[in-house]
Amino acid sequence: MPAEPAEPPPPPGPSRRTFVATTAAVGGAVAAGGTPAASAAPAAARPPAGRVSLTVNGERHTLTVDNRTSLLDLLREHLALTGTKKGCDAGACGACTVLVDGRRVNACLTLAIRLEGAEVTTIEGLAPGAPAADDGELHPLQRAFIEHDAFQCGFCTSGQLMSAAACIREGHTGSATEIREWMSGNLCRCGCYTNIVKAVGQAAAHRK
Ligand code: FES
Ligand code: FES
């Protein structure tokens with residue numbers, strides 16, 4: 001009987017057993033929340049912070065903020081002024097509209113650190129005497145929105161009101177079409193546009 005051929009010698013390098021043991025150890029480290037090189041990696045640098053002084057609804061504030069902080073986050077997170085809403089956080093919906101030096105801006109796209117010395121007005125400061133007065137007096141626009149039922153869920157309403165206040169001051173309320181055009185940056189998912197336009201028109205007429 002011919003002799004059986006001898007088994008070839010194992011290839012050089014780690015054996016299968018060594019390879020499996022090594023990958024299991026690495027996998028365990030990753031599952032535990034780290035990476036094999038994590039301990040050697042340098043700690044992430046802290047984001048740079050800066051100081052900014054600005055006036056919000058007539059009140060002066062000096063704050064230290066991360067340079068990337070938006071005006072929207074400064075208002076909501078640092079000053080607890082949550083009337084200004086975060087919809088898209090990308091400049092597309094107008095829910096975050098506030099006035100900066102009398103001009104409407106999307107607070108989500110405005111860097112807080114660039115507002116040194118600025119005067120900011122939010123929905124909390126729109127009504128006459130606000131925010132100090134807490135006697136329930138409403139701005140004519142707020143009254144008009146209620147009279148015309150110009151909201152459903154209300155999420156867009158503070159942005160609509162701030163934008164409408166600027167729209168009236170800018171003189172873009174000559175017709176329903178003009179109001180629609182100049183309020184077109186403020187979206188309403190509830191579709192209250194017809195009544196919003198009527199409310200803005202009424203408040204504009206009341207101002208004349
Ligand atoms: S949240 Fe700023 S535009 Fe939508
Ligand atoms: S009232 Fe609901 S989004 Fe405008």
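**Close-ups of a predicted model**

View 1. Residues are numbered from 1 along each chain as its sequence is written, chains are lettered from A and ligands numbered from 1 in the order in which they are written, and side-chain values use heavy atoms, with hydrogens and water left out. A107 sits in the loop between β4 (103–106) and β5 (119–121); helices (H or I, at least four residues) and strands (E, at least two) are DSSP runs, numbered from the N terminus. Buried or exposed? A107 counts as buried because its relative accessible area is 0%, given cut-offs of under 20% for buried, over 50% for exposed and partly exposed in between (1.4 Å probe, protein chains only). A90 lies 17 residues away from A107 in sequence, with 9.7 Å between their C-alpha atoms.

**View 2. Helix α2 and the strands it packs against.** Helix α2 covers residues 71–78, and its buried residues are L71, L72, L74 and L75. Those buried residues pack against β1 (49–56), β2 (59–66), β3 (97–100), β4 and β5.

View 3. K86 is found in the loop between α2 and β3. With 33% relative accessibility, K86 counts as partly exposed. Leaving out residues up to four places away in sequence, K86 touches L72, D73, R76 and F155. F155 is 69 residues from K86 along the chain, yet their C-alpha atoms are separated by 9.0 Å.

**View 4. T64 and T97, two strand threonines.** T64 belongs to strand β2, and T97 belongs to strand β3. Apart from neighbours within four places in sequence, T64 has contacts with A49, G50, R51 and H78. A49 is 15 residues from T64 in sequence and 6.5 Å from T64 in space, C-alpha to C-alpha. T97 is buried, at 5% relative accessibility. Again setting aside neighbours within four places in sequence, T97 is in contact with R104, V105, N106, G159, M162, S163 and N186. Its contact M162 is 65 residues along the sequence from T97, and 6.2 Å away from C-alpha to C-alpha.

View 5. D101 is not a glycine, but its phi is positive, at about 50°. D149, also not a glycine, has a positive phi of about 55°. D101 is in the loop between β3 and β4, whereas D149 is in the loop between α3 and α4. What is the exposure class of D101 at 51% relative accessibility? D101 counts as exposed, and D149, at 51%, counts as exposed too.

**View 6. The largest pocket.** Rolling a probe the size of a water molecule over the atoms shows where empty space is left. The largest pocket has a volume of about 220 Å³. Of its 14 lining residues, H139, L141, A165, R169 and R207 are the closest to the centre. On a 1 Å grid over the protein atoms alone, a pocket is an open set of points where a 1.4 Å probe fits, with protein on both sides within 12 Å along at least five of seven lines, and lining residues have an atom within 4 Å of a point. Grid points are joined across faces, edges and corners, and the volume is the space filled by probe spheres set on the points. Elements giving two or more residues to the lining are α3 (140–147), α4 (157–170) and α6 (193–207), and α4 supplies the largest share, 4 residues. Domain 1 (49–125) and domain 2 (140–207) each contribute at least three lining residues, with domain bounds taken from an automatic or database domain assignment.

**View 7. The chain as context.** The chain has 6 helices and 5 strands, running α-β-β-α-β-β-β-α-α-α-α from the N terminus on. Of its 208 residues, 35% are buried.

Technical notes:
This is a predicted model: local features need pLDDT of at least 70, side-chain atom pairs count only at pLDDT 80 or more; totals for chains, interfaces and linings use all residues. Contact means heavy atoms within 4.5 Å.
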